[in-house]
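Here are a few notes to read alongside the model. Keep it open as you go through the points.

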Amino acid sequence: MKAEDVKTIGMMGGGVMGGGIGQTLALAGYKVIIRDLTDELLEKTRSSIVDGRFGLKGGVERGKVTQEQMDAAVANLSYTTKMVNLRDVDLLIEAVPENLELKRTVWAELDSLVKPGAIFATNTSGFAIGELNKAVARKDLFLGMHWFSPANIMRLVELIHAPETSEDAVKALEGVCEKAGKVSVRVKDAPGEYGFIANRIYYAAVAEARKVLEQGIATEDDINKAMVYGFNWPVGPLAMASGARRGFA
Ligand SMILES: NC(=O)c1ccc[n+]([C@@H]2O[C@H](COP(=O)([O-])OP(=O)(O)OC[C@H]3O[C@@H](n4cnc5c(N)ncnc54)[C@H](O)[C@@H]3O)[C@@H](O)[C@H]2O)c1
């Protein structure tokens with residue numbers, strides 16, 4: 001499967017990430033089928049994609065998206081509770097809750113259902129790909145695709161490859177990221193570590209900021225100011241961690 005062969009994308013899970021990723025990919029011209037457990041959950045997904053804080057309507061109001069682009073994205077999206085509707089997708093992205101057993105169960109089911117040759121990408125925040133790919137036979141087509149929240153705004157996507165992942169699969173996802181206006185980076189799978197590049201570095205900085213605070217050598221406000229004015233961070237490490245800005249998982 002090459003990037004240009006990817007036309008239809010299945011999204012497993014229509015929560016915060018599944019909705020945002022689905023929205024982004026539909027806007028980029030892909031047909032996207034979002035699968036979640038109930039019609040009520042899918043209605044929430046649909047409404048957050050269209051009317052939500054980072055949704056399409058707001059994008060049109062802010063001049064980021066034209067009405068035509070929004071209409072095309074809405075037409076590209078479909079919603080289902082039925083697994084069988086994912087059978088013919090070219091790429092399947094999984095964004096179910098961060099639970100290793102759940103993800104493995106979901107992937108095993110998808111592996112037996114989805115057509116051979118389709119690429120499998122997990123949006124796990126940190127599980128090793130070598131732990132998740134145990135659930136599937138197509139290990140060459142299995143990799144991590146770690147988006148950041150809100151997915152339609154944050155530009156980074158980390159692509160995590162295990163030793164079994166094929167170069168073609170990584171390249172195909174690089175092409176998908178590029179078409180969706182994202183910046184992708186490659187990361188080698190590191191079993192035993194949780195997280196990839198950005199979150200590992202970010203949480204290390206937050207831990208150090210907390211240590212500085214605990215040592216009583218600077219106030220929370222001054223620690224935040226130090227990073228904002230010394231390193232041009234958009235917001236200080238303790239402001240981010242306290243939820244002043246969300247979306248770091
Ligand atoms: N929220 C973030 O900022 C963020 C950022 C990057 C990565 N992630 C990762 O993305 C994944 C999803 O996170 P989220 O924040 O979107 O979670 P969420 O709880 O908002 O959404 C998960 C969705 O998956 C659905 N689900 C559960 N089991 C399912 C199944 N068998 N089939 C289909 N859908 C199912 C749930 O009903 C829910 O709607 C996690 O692995 C998380 O670690 C989250």
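**Notes on the sheet**

1. What you are looking at is a predicted model, where local features need pLDDT of at least 70, side-chain atom pairs count only at pLDDT 80 or more, and totals for chains, interfaces and linings use all residues. Residue numbers run from 1 along each chain as its sequence is written.

2. Strand β5 (residues 119-122) and strand β6 (residues 142-147) run parallel, joined by three bridges. Strands here are DSSP runs of E, at least two residues, and helices are runs of H or I, at least four, numbered from the N terminus. Two strands pair if DSSP finds at least two bridges between them.

3. Helix α5 (residues 100-113) packs on the sheet and touches β1 (8-12), β4 (91-94) and β5. A contact means C-beta atoms, placed from the backbone, within 7 Å.

4. Zooming out, the open sheet has eight strands in the order β3-β2-β1-β4-β5-β6-β7-β8, with mixed pairing. At the edges stand β3 (77-80) and β8 (183-188); each has a single partner strand, so one side of each is left without a neighbour in the sheet.

5. Over at β8, six bridges join that strand to β7 (residues 156-161), and the two run parallel. One of the pairs to look up is Val157 with Ser184 in β8.

Key: Contact = placed C-beta atoms within 7 Å. Axes fitted to C-alpha atoms, helices over the stretch in contact; angles between N-to-C directions.
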